[in-house]
Amino acid sequence: MNKKILITGGAGFIGSHVVRLFVNKYPDYQIYNLDKLTYAGNLKNITDIEKKTNYHFLRADIVDAIAINNLFEEYQFDSVIHLAAESHVDRSITNPLDFVMTNVLGTVNLMNAAKDCWKGEMEGKLFYHVSTDEVYGSLHDGGFFLETTPYDPQSPYSASKASSDHFVRAYHNTYKLPIVISNCSNNYGPNQFPEKLIPLFINNIRNNKPLPVYGKGENVRDWLYVVDHARAIDNVYHKGKIGETYNIGGFNEWTNLDLIKVVCKAMDKKLGRLQGESEKLITYVTDRAGHDLRYAIDAHKIMNDLGWQPSLQFEEGIEKTIDWYLNNQQWMDEVTSGTYAKYYDSMYASR
Ligand code: NAD
Ligand code: DAU
């Protein structure tokens, strides 16, 4: 069936993998990638599909309501997969308002435009909001995040995502907007901006720079390969029940320190260094303010109801990830030059 899907944030890390999957897998769908191209958006993430006839790029800011309304009027999208966001927790601590604007106001702008465009004819329409496990807060006493776990966001980033999730549910309840939400754990893989732990540490190891571990490195994250998240989004988009929430995760928990050691070991091998060489770069720095201790997703609902399973074991995923960054040095050099260098100096100088 023909569809006109607006994917927001498709030049970013996860969005680029979602756009690629949809463009290649569904040649009958028209895919519109809307992105502001902030520091985190990079069209070089999707050069392999940019010439496909079912792919279109729209540069716009979701905070600009008029621009978003005009695009809905012009293209008459019948569904939205909304990934555009400010996504880095550390940046949310220094600049919370940017997160309110894009993550909260931007999401509401998109829903207003969809609601006005669809004018109560909601059959076959969908607003799919991509969210995070961080909305549930921090696990201290074991257990897992379920879809029913009460929201308890702890950082400005997670508060902005939680707020947007609430607005999405409110629009479903109030205006009958057909929505679905998924909340995913930490992603890793190719094309992630190197402000995030794994690509940052791969790049620092390669350049023999210190590896800044926050606090004692004992915080736990649940890691999922980004292509498996894109596959889950495909499942939820096509089979998810309207109004429902689906948690997505890989049942793959690591303390930061253990994860960093895996990366160090693999990097020593790939770079032909003595085993233990990269671990010497580990440097303990001041902890992130309000640092959540542990995230862990219970993904049984999406597995049982929609038949999704992660396809990659962590060992294979991390190997592929490291190879991608080492083989794409130009990508890394381009994104780490200029303003990124200033960000890095200011973020880490005071730690
Ligand atoms: P990212 O920072 O890599 O990419 C975000 C994209 O959104 C960029 O292309 C950027 O240019 C675009 N964007 C930002 N502000 C915009 C605006 N005002 N208007 C239009 N475009 C704008 O983020 P990511 O890691 O790919 O995350 C994508 C989504 O998935 C986010 O909503 C995030 O909350 C969610 N998520 C991320 C993870 C993760 O581990 N990275 C896990 C779960 C959920
Ligand atoms: O859980 C999903 C979330 O995962 C997403 O919603 C966010 O968009 C995404 O950025 C990610 O958030 P985290 O804060 O968990 O990711 P980050 O890569 O920033 O950090 C991972 C862990 O590593 C975290 O415990 C902080 C720690 N860390 C991070 C950096 C950048 C360090 O110890 N040193 C660092 O330099």
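Which residue has a backbone N or O atom 2.9 Å from an oxygen atom of ligand 2? I looked it up, keeping in mind that this is a predicted model, and found Leu197.

Next I went through side chains at the ligand. Asn256 puts a side-chain N or O atom 2.9 Å from an oxygen atom of ligand 2. For His291, I read 2.7 Å between a polar side-chain atom and an oxygen atom of ligand 2. Then I checked the cover: ligand 2 on its own exposes 700 Å², and the protein buries 94% of that.

I also listed the surroundings. There are 25 residues around ligand 2, and those that come nearest are Thr132, Asp133, Tyr157, Arg288 and His291. On the secondary-structure side, helix H6 (197-206) gives at least two residues to the shell around ligand 2, and so does strand S8 (211-214).

I placed Asp78 in the loop that runs between helix H2 (65-75) and strand S4 (79-82). Is Asp78 buried or exposed? Asp78 is buried, and I found no salt bridge for it. The nearest side chain of opposite charge belongs to Lys3, 5.2 Å away, and a salt bridge would have to be within 4 Å.

What I did find is a polar contact of 3.4 Å between the side chains of Asp78 and Ser79. Leaving out residues up to four places away in sequence, I noted that Asp78 touches Asn2, Lys3, Lys4, Trp118, Gly124, Lys125 and Leu126. So Lys3 turns up in my notes both as a contact of Asp78 and as the nearest opposite charge, without a salt bridge.

Terms used:
Residues numbered from 1 in each chain as written. Chains lettered and ligands numbered in written order. Predicted model: local features only at pLDDT ≥ 70, side-chain atom pairs only at ≥ 80, totals over all residues. Heavy atoms only, no water. Helix = DSSP H or I, 4+ residues; strand = E, 2+ residues; numbered from the N terminus. Buried < 20%, exposed > 50% of the residue type's maximum accessible area, 1.4 Å probe, protein only. Lys, Arg positive; Asp, Glu negative; His and termini not counted. Polar contact = N/O pair within 3.5 Å; in protein donor to acceptor, adjacent residues only side chain to side chain. Contact = heavy atoms within 4.5 Å. Near = heavy atom within 4 Å. Areas by Shrake-Rupley, 256 points an atom, 1.4 Å probe, with all protein chains shown as cover.
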